Amino acid sequence: MIKSSEIKKIVNDYTDVRIGVLGSHSALEVMDGAKDEDFQTSVFCQKGREGPYQRFARVADEIVVLNKFKEMASAKIQKKLRE
């Protein structure tokens, strides 16, 4: 788990922000709003649930398919989120 002090340090270094969401019922709405504000978007979804994000490709610039949602806590995905 990342400490809040580490998060603040990371965020202060951002120059280009991308909106990342967990593939859920409201993810399309969040990404639609993000696109309205000219943000790039990434959605992290569980394998087999990527269909809606592929159909509405305008709102999802990047679709990351995970075997299980718990992979969100993995070091690899946490690093990707920070980048």
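This is a predicted model: local features need pLDDT of at least 70, side-chain atom pairs count only at pLDDT 80 or more; totals for chains, interfaces and linings use all residues.
**Exercise 1.** Determine which residues of helix 2 are buried and why they lie on the same side of the helix.

*Solution.* Step 1: helix 2 spans residues 27-36, and its buried residues are Ala27, Met31, Ala34 and Lys35. Step 2: these residues lie on the same side of helix 2 because they cover an arc of only 100 degrees around the axis. Step 3: an α-helix has 3.6 residues a turn, so residues three or four places apart point the same way. Step 4: the other side of helix 2 carries the exposed residues Glu29 and Asp36.

**Exercise 2.** Identify what covers the buried residues of helix 2, and describe the unit that helix 2 makes with strand 1 and strand 2.

*Solution.* Step 1: the cover includes strand 1 (18-22), strand 2 (40-46) and helix 3 (51-55). Step 2: strand 1 pairs with strand 2 in the parallel sense, over 5 bridges; the bridge partner of arginine 18 in strand 2 is glutamine 40. Step 3: together with helix 2, the two strands make a right-handed β-α-β unit. Step 4: just after helix 2, aspartate 38 adopts a positive phi of about 65 degrees.

**Exercise 3.** State which residues form the largest nonpolar core and which elements give two or more residues to this core.

*Solution.* Step 1: the largest nonpolar core has 8 residues, namely Val21, Ala27, Met31, Val43, Cys45, Tyr53, Val59 and Ala60. Step 2: helix 2 and strand 2 are the elements that give two or more residues to this core. Step 3: a second, separate core has 5 residues, among them Phe44, Leu66, Met72 and Ile77. Step 4: beyond its neighbours within four places in sequence, valine 21 contacts residues including Ala27, Met31, Val43 and Phe44.

Terms used: Residues are numbered from 1 along each chain as its sequence is written. Side-chain values use heavy atoms; hydrogens and water are left out. Buried means under 20% relative accessible area, exposed over 50%, partly exposed in between (1.4 Å probe, protein chains only). Helices (H or I, at least four residues) and strands (E, at least two) are DSSP runs, numbered from the N terminus. The arc is that of the directions from the helix axis to the C-beta atoms. Contact means heavy atoms within 4.5 Å. Two strands pair if DSSP finds at least two bridges between them. A crossover is right-handed if, with the strands pointing away from the viewer, the path from the first strand over the helix to the second runs clockwise. A nonpolar core is a set of buried Ala, Val, Leu, Ile, Met, Phe, Trp, Tyr and Cys residues joined through side-chain atoms within 4.5 Å.
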